[in-house]
Every structure is written in C-alpha cells, then in structure tokens.
Amino acid sequence: MGPKVNIGNDTDPILVNYNRTWVAKGIQPYAWCGFLPGAYFGMWPTVVQTAMFTLFGTTGSTMKNAWQCLCGTFFAVLNLYMMTFLYPLGANDPKYSPVVAWLNLTGVLFLFLASRADVNTMMMGMCS
C-alpha cells in the first residue's frame, strides 16, 4: 500500500514502493493504483474533501452539492486570477502590498458570508 513507481513499462508494469530517489533517476511516482502521475499526490486531500461535502443520500442532492462546490471553487479561482493580474509575481512583485492582500481576503470572506449562498458554496469558496 502507499505510493508506487512503475519501474517496468506500460505493457508490463512493475510497481515498487516510492521514495524520493526514484525522481532523481527520472522515474515519476504513480498513485497507489499505478495509473495517476505523481503530480496528483497533492490533490488527494482536496478530492477527499470534495467527496465528503458532495456525496449525499440521493442523486439529486449529490448533484446539488456538486454544483454548489463547483460554484464556490469557481469564485475562489476567479479571485485568484484577479489577484494574479494585480500582482503577477505574487509577494515578490515590487508593487505588492500586504494591506491590499489582507483587504482582499477580508472582502472575499465577507462577500461569501453576506451572499447567503448555500453552505457548500461558501465552504468551497472560502477553503479553496
């Protein structure tokens, strides 16, 4: 169990336990199932969080929760793009101001809370 790497080939995979020395050899890690590239390792907590807040008793409520999660994530990413437009180099940008960043955070959280959106929309928007 745990992360594996394929030291074989695509037609005859040989999965062995992953450690950091494999990347130095040019072998990319795979997820436990052996199909997903190592770049997805950091996304598993988000996948679990989304599944926990999305899956529900009926198909209709699951679809409703998925739509709410999608909307919340969309607005969080939209805010990220606006901040990236404002500060292309992030905190290393010469015109970066921490006060503006804190005001952005406070304003976005206020807008999510004041919007009276459903709980999943606010959770995904404020956590993403």
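Residues are numbered from 1 along each chain as its sequence is written, and side-chain values use heavy atoms, without hydrogens or water. In this predicted model, local features need pLDDT of at least 70 and side-chain atom pairs count only at pLDDT 80 or more, while totals for chains, interfaces and linings use all residues.

**Figure 1. Overview of the fold, with 5 helices and 3 strands.** Helices (H or I, at least four residues) and strands (E, at least two) are DSSP runs, numbered from the N terminus. Their order from the N terminus is β-β-α-β-α-α-α-α. The protein has 128 residues, and 21% of them count as buried. Buried means under 20% relative accessible area, exposed over 50%, and partly exposed in between (1.4 Å probe, protein chains only). Among contacts (heavy atoms within 4.5 Å) with a separation of 6 or more, 37% join residues 24 or more positions apart.

**Figure 2. Helix 3 (residues 59–86) against helix 4 (residues 98–114).** The two axes come within 12 Å and cross at roughly 160°. Helix 3 is therefore roughly antiparallel to helix 4; that term covers angles over 145 degrees. Axes are lines fitted to C-alpha atoms, for helices over the stretch in contact, and angles run from 0 to 180 degrees between N-to-C directions. The crossing is right-handed: the near helix is turned clockwise from the far one by less than a right angle. Helix 3 contributes Gly72, Phe75, Ala76, Asn79, Met83 and Leu86 to the contact. Helix 4 contributes Val100, Ala101, Asn104, Val108 and Phe112. By class, the contact has 8 nonpolar, 3 polar and no charged residues. Ala, Val, Leu, Ile, Met, Phe, Trp, Tyr, Cys and Pro count as nonpolar, Asp, Glu, Lys and Arg as charged, and the others, Gly among them, as polar.

**Figure 3. Met126 in helix 5 (residues 119–127).** Met126 is partly exposed, at 32% relative accessible area. Leaving out residues up to four places away in sequence, Met126 touches Leu109, Phe112 and Leu113. Thr73 is 53 residues from Met126 along the chain, yet their C-alpha atoms are separated by 8.4 Å.

**Figure 4. Thr54 in helix 2 (residues 44–54).** Thr54 is buried, at 9% relative accessible area. With residues up to four places away in sequence not counted, Thr54 touches Ser61, Thr62, Asn65, Ala66 and Cys69.

How values were computed
Angles under 35 degrees count as roughly parallel, over 145 as roughly antiparallel, 65 to 115 as roughly perpendicular and the rest as oblique.
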